[in-house]
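This briefing is meant to be read with the sequence and the model side by side.

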Amino acid sequence: MSMPYQQTGNQLDYQEVKQTKADLKAEVHLIGQIVGGLDFQTDDGLFCELAIDCGDGWDLLQPGNNKGIQTQTSYANPGQLFSWGHPFDLHFSVSNIIGWPKALLKVWRLDSSNKIDACSYGTAIFPRSAGYHQITCETWTPTGENLDLEIRKPNEDLATNTDQFSKFDRSLDWRFQALSFYMENPPRLTTLAPLTTDKGDFARRKILNSISNGRIIIEVEVILKNFKRLSFSGQ
């Protein structure tokens, strides 16, 4: 491979950099912010967690970001906007475009007693075209009405192993509804697996009963590198 330029006196003589496709890697850069939440019917404080789900051909070049992104706690303004304005910067090396990155979103509520509970979930696939985009993610809350749905019991400790599930039976259903209504302690998913692209969780996802619960606004700038040179298409 030749140098991109060579110095001759006070002038820079640029030379074409010769690279083969084997030398190149497609890259995707997602730069943006979690703007805030809208229409969540609560006076308590809310904060949001964002995790990334992507295919095997996607390598995150900043490994620390794979632990997730968490905003600060915000309280609603008169327009019912929970303003977070939390930035994120995700840089991927891509060997194939199967499994385009998806945002897994979880909204937590902090009440006046300093009790924290997950109150809403949502997913959003990042845009596949370069440029600025605004994403609106509709979120939902599990109701606990489906007897076969495996979710966390409301009174379980926060440190409960997320690989363990608790199945409903008909005698427990009214208890979960009562706890949710009187204690404002809704059922919580024990794992984000139903939100991911894993085909093994489709069966679990389709029996999940939920109600809508607000929207999350995300702004993102998508930068694609070497896609044309490698004949990749994000569309």
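How many disulfides does the structure hold? This is a predicted model, and the structure holds zero disulfides. The points below begin with the cysteines and then move to the cores, the strands and the charged pairs.

**Cysteines and their surroundings**

- C48 takes part in no disulfide, and the nearest cysteine sulfur, that of C137, lies 8.5 Å away, whereas a disulfide would need the two sulfur atoms within 2.5 Å.
- C48 is buried, its relative accessible area being 0%.
- The sulfur of C119 has its closest cysteine sulfur in C48, at 9.7 Å, which is too far for a bond.
- C119 also counts as buried, at 8% relative accessibility, and its backbone oxygen is reached by the side chain of T141 at 2.5 Å.
- T141 belongs to strand β10, which covers residues 131-142, and T141 is buried with a relative accessible area of 8%.
- A118 is placed in strand β9 (residues 116-125) and counts as buried at 1% relative accessibility.
- Although A118 and F47 are 71 residues apart in sequence, their C-alpha atoms are 9.6 Å apart in space.

**Nonpolar cores**

- The largest nonpolar core has 32 residues, and those with the most contacts inside it are L30, F88, L105, F126 and I216.
- At least two residues of this core come from each of β3, β4, β7 (81-94), β8 (102-110), β9, β10 and β13, and β7 gives the most, with six residues.
- Apart from this core lies another, of nine residues, among which are F47, L104, W108 and L189.
- Leaving aside residues up to four places away in sequence, F126 touches L30, I52, F88, W100, P101, K102, A103, I135 and V220.

**Strand pairing around β4**

- β4 and β8 pair in the antiparallel sense over nine bridges, and within this pairing I52 stands opposite A103 in β8.

**Salt bridges**

- The structure holds four salt bridges, including one between R215 and D39, whose closest N and O atoms are 2.4 Å apart.
- Which parts of the chain does the pair of R215 and D39 link? The pair links distant parts, with R215 in strand β13 and D39 in the loop between β3 and β4, 176 residues apart.
- Both partners count as partly exposed, R215 at 26% relative accessibility and D39 at 33%.
- D111, K115 and D117 are linked in a network of salt bridges, in which K115 meets D111 with the closest N and O atoms 3.6 Å apart, while the side chains of K115 and D117 meet at 3.0 Å, N to O.

- D39, the partner of R215 in a salt bridge, has a phi near 65°, which is a positive value in a residue other than glycine.
- The place of D39 is in the loop between β3 (26-38) and β4 (45-53).
- N226 likewise has a positive phi, of about 65°, although N226 is not a glycine.
- N226 is placed in the segment after β13 (210-225), and N226 is buried with a relative accessible area of 16%, whereas D39 is partly exposed with a relative accessible area of 33%.

How values were computed
Residues are numbered from 1 along each chain as its sequence is written. This is a predicted model: local features need pLDDT of at least 70, side-chain atom pairs count only at pLDDT 80 or more; totals for chains, interfaces and linings use all residues. Side-chain values use heavy atoms; hydrogens and water are left out. Buried means under 20% relative accessible area, exposed over 50%, partly exposed in between (1.4 Å probe, protein chains only). Helices (H or I, at least four residues) and strands (E, at least two) are DSSP runs, numbered from the N terminus. A polar contact is a pair of N or O atoms within 3.5 Å; within protein, one must be able to donate a hydrogen and the other to accept it, and residues adjacent in sequence count only if both atoms are side-chain atoms. A nonpolar core is a set of buried Ala, Val, Leu, Ile, Met, Phe, Trp, Tyr and Cys residues joined through side-chain atoms within 4.5 Å. Contact means heavy atoms within 4.5 Å. Two strands pair if DSSP finds at least two bridges between them.
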